[in-house]
Amino acid sequence: MRFEEIISCVPPCEVLLEVGCDHALLTLLALNKGICKSAIVSDISDACLSKARENLKSHENCEFYVCDGIPTQANADCILICGMGGHTIEHILSGYNGSATLVVSPQSHAELVRQKLAEMGYAICIDRCFEDKGKFYDVIRAEKGSSELDELQIHFGVFYKEKNPCLKRKLERRLNELKKGKDANADKIKKISEVLLWQK
Ligand SMILES: C[S@@+](CC[C@H](N)C(=O)[O-])C[C@H]1O[C@@H](n2cnc3c(N)ncnc32)[C@H](O)[C@@H]1O
């Protein structure tokens, strides 16, 4: 389900690069669906890349790199960066100055990633919250282009004014936690309540 949701945001492309691929099951799904013609996968861990080699062994059109962040040799028209925290994805994006389509799914701190994409001169065209096995995820697709995001868009998604039952459930849950918790943060409660007005 998480894999399907993420891959549904990848546009048809020639070369897909997955950074932080681990088992490379996302790339495998994209190849099997014919969304990309060939793939490059990379990971900071050699052991993870071995899993990727095994899972992609039936596909000849794949390249493999062990490195921190985006391999400098890689020439891809779409880059997928998923399953890492917002700080790590922000770090990975900092080393990139190309113009490929970016599909990212941070496990936390999505606001750092949205902010970074705007600073890099990327416009977010998909920004979707989804739920899988009781956990909430964000998946974002961005293309080169300018964008100005306000604070609520950075924190809750570019399209927070559009109705999304998943975003509503996520924010209601967060609001309850904040209201119960000792660290009840009036500013956060105010912002979440403002977004929830759009989700009624
Ligand atoms: C939880 S896995 C995610 C796998 C896959 N992308 C997914 O979403 O299912 C995170 C992977 O990112 C790799 N990773 C972490 N920091 C990295 C970095 N700076 N550069 C490249 N890979 C990194 C880890 O070694 C790990 O294999």
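Author: The buried residues of α4 pack against β1 (13–19), β4 (78–84), β5 (101–106) and α5 (110–119). This is a predicted model, in which local features need pLDDT of at least 70, side-chain atom pairs count only at pLDDT 80 or more, and totals for chains, interfaces and linings use all residues. Numbering starts from 1 along each chain, as its sequence is written.

Reader: Which residues of helix α4 are called buried?

Author: In α4 (residues 86–94) they are Gly-86, Thr-88, Ile-89, Glu-90, Ile-92 and Leu-93. The word has a cut-off: 20 or more other C-beta atoms within 10 Å of the residue's own make it buried, 12 or fewer make it exposed, and in between it is partly exposed, with C-beta atoms placed from the backbone. Helices (H or I, at least four residues) and strands (E, at least two) are DSSP runs, numbered from the N terminus.

Reader: Why is Tyr-122 called buried?

Author: Happy to show you: Tyr-122 has 22 other C-beta atoms within 10 Å, and the cut-off is 20 or more, so Tyr-122 is buried. Tyr-122 lies in strand β6.

Reader: What does Tyr-122 touch, not counting residues up to four places away in sequence?

Author: Its contacts are Leu-102, Leu-117, Ala-142, Glu-143, Lys-144 and Gly-145. A contact requires C-beta atoms, placed from the backbone, within 7 Å.

Reader: What makes β6 and β7 a pair?

Author: Two strands pair if DSSP finds at least two bridges between them. β6 and β7 have 10, in the antiparallel sense, and Ile-124 has Ala-142 in β7 as its bridge partner. The two strands form a hairpin with two residues between them, and Lys-133 in the turn has a positive phi of about 50°. β5 also pairs with β7 (residues 135–144), antiparallel over three bridges, and there Val-103 stands opposite Arg-141.

Reader: Which residues have the most contacts inside the largest nonpolar core?

Author: They are Leu-16, Cys-78, Ile-79 and Leu-80, in a core of 54 residues. Such a core is a set of buried Ala, Val, Leu, Ile, Met, Phe, Trp, Tyr and Cys residues joined through C-beta atoms within 7 Å. The largest share of this core, six residues, comes from β4.

Reader: Why is this core said to lie between domain 1 and domain 2?

Author: Domain 1 (2–148) and domain 2 (160–200) both give residues to this core, so the core lies between them. The bounds come from an automatic or database domain assignment. The C-alpha centres of the two domains lie 28 Å apart. Their contact takes four residues from domain 1 and five from domain 2.

Notes:
Contact = placed C-beta atoms within 7 Å.
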